[in-house]
Amino acid sequence: VGDLFTRGEEQIITALPLYHIFSLTVNALFMTYFGGENVLITNPRDIPAFIKTLKQNRWTAITGVNTLFNALVHHPDFASIDFSRVKFSLAGGMAVQRAVAERWKKATGIPLIEGYGLTETSPVVTANPLDVKEYSGSIGMPLPSTDVVLRDDGHEAPPGEPGELCVRGPQVMKGYWNRPEETANVMDGDGWLRTGDIARMDEKGFLYIVDRKKDMILVSGFNVYPNEIEDVVVRHPGVLEAAAIGVPDEHSGEVVKLFVVKKDPALTEAALKQYCHDELTGYKRPKYIEFRDELPKSNVGKILRRELRDEGKEREQGTGNWEQKSSPPAR
């Protein structure tokens, strides 16, 4: 890191709120250590104003989530920015989609580097080397003194197979404050934290996030991971954003429902279903597709599948005010 950054000369674009653990650590504390400057983006949803700020500053680094990088690369003015001083761009908070990473590299010449962490691990668990040249889809390797293991039903998952990512190390929390039952739900007596994320490890020791355990869709006994479906769907030139969830089905237990924000207004359900038919295995293909003007997002821009699932439950149960609901803007 010391070879990459020069003390007192770095400037990082901070589009995530500083109370978020990712931004607090990587932007605020890291740049403070190097005597760097944070350029605060007060409204990252205003992409034209965001791009204007990028043009006005001599920034050397940027952090963000997949949806932020996706919005930037799809704006026609983004390619006119001077990227000659940029040293690294770091993505976290949610899975980076390959299509977004490839568009980012093509526009900027800089790869999107992905890391992984949680608030409970203060926050970093794994990271890629900062000098990588291409996006690999990996979240990197564990930090020094950090142990990881992938578990499937309490047992260590076979090499190359997915399992729940469990972490132990000096950065892992002791527990939730005054919440012993919640702590016991995620930690064992040996200090292992169950992250709730499904991951796999390659033969070189690099880790890859598959998806959130609670977001997994079970179709006729087969595990379907929304990340995989979304990663394929956003490669369609007519798609801007996508989210996949499982909905009940009397024949297969669950089926895939896809929510899509169009980039091309002419995109039809039939055309997208045909694309999914060509690109996905049968049980992974969405049975339902719903177009939205926007998708529900957290305050840092992470797409909230939970809210989409909750809407479906309210609709099924006839409760709530789902008839009038539209996707809330990112807060």
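1. Two strands are called paired if DSSP finds at least two bridges between them. Helices (H or I, at least four residues) and strands (E, at least two) are DSSP runs, numbered from the N terminus.

2. A word on the source: this is a predicted model, in which local features need pLDDT of at least 70 and side-chain atom pairs count only at pLDDT 80 or more, while totals for chains, interfaces and linings use all residues. Residues are numbered from 1 along each chain as its sequence is written, and side-chain values use heavy atoms, with hydrogens and water left out.

3. Where do E4 and E5 sit in their sheet? The sheet is open and has 7 strands in the order E2-E1-E3-E4-E5-E6-E7, with mixed pairing. At the edges stand strand E2 (37-40) and strand E7 (141-142); each has a single partner strand, so one side of each is left without a neighbour in the sheet. Helix H1 (residues 21-33) lies across strand E1 (11-14), E2, strand E3 (61-64) and E4, and runs at about 160° to E1. Here contact means heavy atoms within 4.5 Å; axes are lines fitted to C-alpha atoms, for helices over the stretch in contact, and angles run from 0 to 180 degrees between N-to-C directions.

4. Leu72 is worth a look on your screen. This residue lies in helix H3 (residues 66-73) and is buried, with a relative accessible area of 0%. Buried means under 20% relative accessible area, exposed over 50%, and partly exposed in between (1.4 Å probe, protein chains only). Leaving aside residues up to four places away in sequence, Leu72 touches Ile47, Phe50, Ile51, Leu54, Phe78 and Trp104.

5. Strand E16 (residues 253-262) and strand E17 (residues 288-291) run parallel, joined by 4 bridges, and Phe259 stands opposite Glu290 in E17.

6. E16, helix H7 (residues 269-279) and E17 make a right-handed β-α-β unit. Right-handed means that, with the strands pointing away from the viewer, the path from the first strand over the helix to the second runs clockwise. Which residues of H7 are buried? They are Leu272, Tyr275 and Cys276, and they cover an arc of only 95° around the axis, which puts them on the same side of H7. That arc is taken from the directions from the helix axis to the C-beta atoms. The cover over these buried residues includes H6, E15, E16 and E17, whereas the face of H7 turned away from the buried side carries the exposed residues Ala270 and Asp278.

7. Finally, the charged pairs. A salt bridge here is a side-chain nitrogen of Lys or Arg within 4 Å of a carboxyl oxygen of Asp or Glu, and the count comes to 18. One of them joins the side chains of Asp211 and Arg305 (2.8 Å, N to O). This pair links distant parts of the chain, with Asp211 in strand E12 (residues 207-212) and Arg305 in helix H8 (residues 305-317), 94 residues apart. Asp211 is buried at 2% relative accessible area, and Arg305 is buried at 9%.

8. Lys297 and Glu241 also meet in a salt bridge (2.9 Å, N to O). Lys297 is in the loop between E17 and H8 and Glu241 in strand E15, 56 residues apart; both are buried.
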